[in-house]
Amino acid sequence: MFRPIRRKNREIDIDEAKKILKEARRGILAVNGDEGYPYAIPINYYYDEEAQKIFFHGSRVGHKSDSLKLCDKVCFTVLGEETVKEEPWAPYVKSAVVFGRCHPIEDVSTSDIRLRQFAMKYYPGEELVSEEIAKSGKAVQMYEITIEHISGKEVQER
């Protein structure tokens with residue numbers, strides 16, 4: 001169902017793609033937007049490898065949530081760190097691409113758990129996470145992407 005990477009010599013293995021998902025701080029979420037136009041936005045996220053899901057937060061209203069109500073299919077892309085191998089002017093960049101289905105998390109206790117896991121990725125400690133959740137956690141809508149396919153590749157920027 002999902003296209004294989006065309007240039008096999010650039011493909012990285014699935015474990016390396018998952019490592020990029022674990023380590024990166026931001027990715028680009030693409031949804032089917034208004035009037036058939038794609039809508040892609042940068043988001044912070046949390047990747048749960050065991051559950052094979054990606055979690056992020058957002059508003060309950062707006063372009064992203066409206067688009068997801070109409071079509072739950074998404075693409076999520078993350079760039080890894082650049083590395084220099086031979087030529088310092090032409091770095092190598094790894095990326096991971098995920099295809100899946102995205103839905104808001106409706107269960108309050110599950111949403112709270114996922115919000116805390118997400119926040120722990122970005123905040124320096126539990127105390128600050130608890131303060132932030134107490135202050136604005138009720139306004140947050142957590143979303144989950146159920147991963148259907150992951151691929152990754154490395155390209156040289158030349």
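Let me begin in strand 7, where Ile 145 is the bridge partner of Cys 102. Strands and helices here are DSSP runs, strands being E runs of at least two residues and helices H or I runs of at least four, numbered from the N terminus. Strand 6 pairs with strand 7 in the antiparallel sense, over 13 bridges; two strands count as paired if DSSP finds at least two bridges between them.

The model is predicted, so local features need pLDDT of at least 70 and side-chain atom pairs count only at pLDDT 80 or more, while totals for chains, interfaces and linings use all residues. Residues are numbered from 1 along each chain as its sequence is written, and side-chain values use heavy atoms, with hydrogens and water left out.

Strand 4 and strand 7 run antiparallel and are joined by six bridges. How much of strand 7 is buried? Of its 16 residues, 12 are buried, so strand 7 is largely enclosed by the rest of the structure. Buried here means under 20% relative accessible area, exposed means over 50%, and partly exposed lies in between, with a 1.4 Å probe and protein chains only.

Seven strands form an open sheet with antiparallel pairing, in the order 2-1-5-6-7-4-3. Strand 2 (38-44) and strand 3 (46-48) are the edge strands, each pairing on one side only. From one strand to the next, the twist averages 30°. Axes are lines fitted to C-alpha atoms, for helices over the stretch in contact, and angles run from 0 to 180 degrees between N-to-C directions.

Strand 1 (residues 26-32) and strand 5 (residues 73-83) run antiparallel, joined by three bridges. Within that pair, Phe 76 in strand 5 stands opposite Leu 29. Two helices pack on the sheet. Helix 2 (residues 63-70) touches strand 1, strand 2, strand 4 (53-58), strand 5, strand 6 (92-104) and strand 7 (141-156), and its direction makes about 50° with that of strand 1. Helix 3 (residues 108-122) touches strand 2, strand 3, strand 4 and strand 7, its direction making about 115° with that of strand 3. Contact means heavy atoms within 4.5 Å.

I turn to the nonpolar core, defined as a set of buried Ala, Val, Leu, Ile, Met, Phe, Trp, Tyr and Cys residues joined through side-chain atoms within 4.5 Å. Which residues of the largest nonpolar core touch the most other members? Among its 32 residues they are Leu 21, Leu 29, Tyr 45, Ile 54, Phe 76, Phe 56 and Ile 145. Strand 7 gives the most to this core, with five residues. Leaving aside residues up to four places away in sequence, Ile 54 touches Leu 21, Tyr 45, Tyr 46, Tyr 47, Phe 76, Val 98, Tyr 143, Glu 144, Ile 145 and Ile 147.

Next, the charged pairs. Side chains of opposite charge can pair when their charged atoms come close. The whole structure holds 11 salt bridges, each a side-chain nitrogen of Lys or Arg within 4 Å of a carboxyl oxygen of Asp or Glu.

Arg 114 and Asp 48 form one of them, with their closest N and O atoms 2.8 Å apart. This pair links distant parts of the chain, Arg 114 in helix 3 and Asp 48 in strand 3, 66 residues apart. Are the two partners buried or exposed? Arg 114 is buried, at 14% relative accessible area, and Asp 48 is buried too, at 12%.

Another salt bridge joins Lys 22 to Glu 49 at 2.7 Å, N to O. Lys 22 lies in helix 1 (residues 14-23) and Glu 49 in the loop between strand 3 and strand 4, 27 residues apart. Lys 22 is partly exposed at 46% relative accessibility, as is Glu 49 at 30%. A network of salt bridges links Lys 18, Lys 22 and Glu 49.

Finally, Arg 101 and Asp 72 meet in a salt bridge at 3.0 Å, N to O. Arg 101 lies in strand 6 and Asp 72 in the loop between helix 2 and strand 5, so the pair ties together parts that are 29 residues apart in sequence. Arg 101 is partly exposed at 31% relative accessibility, whereas Asp 72 is buried at 18%.
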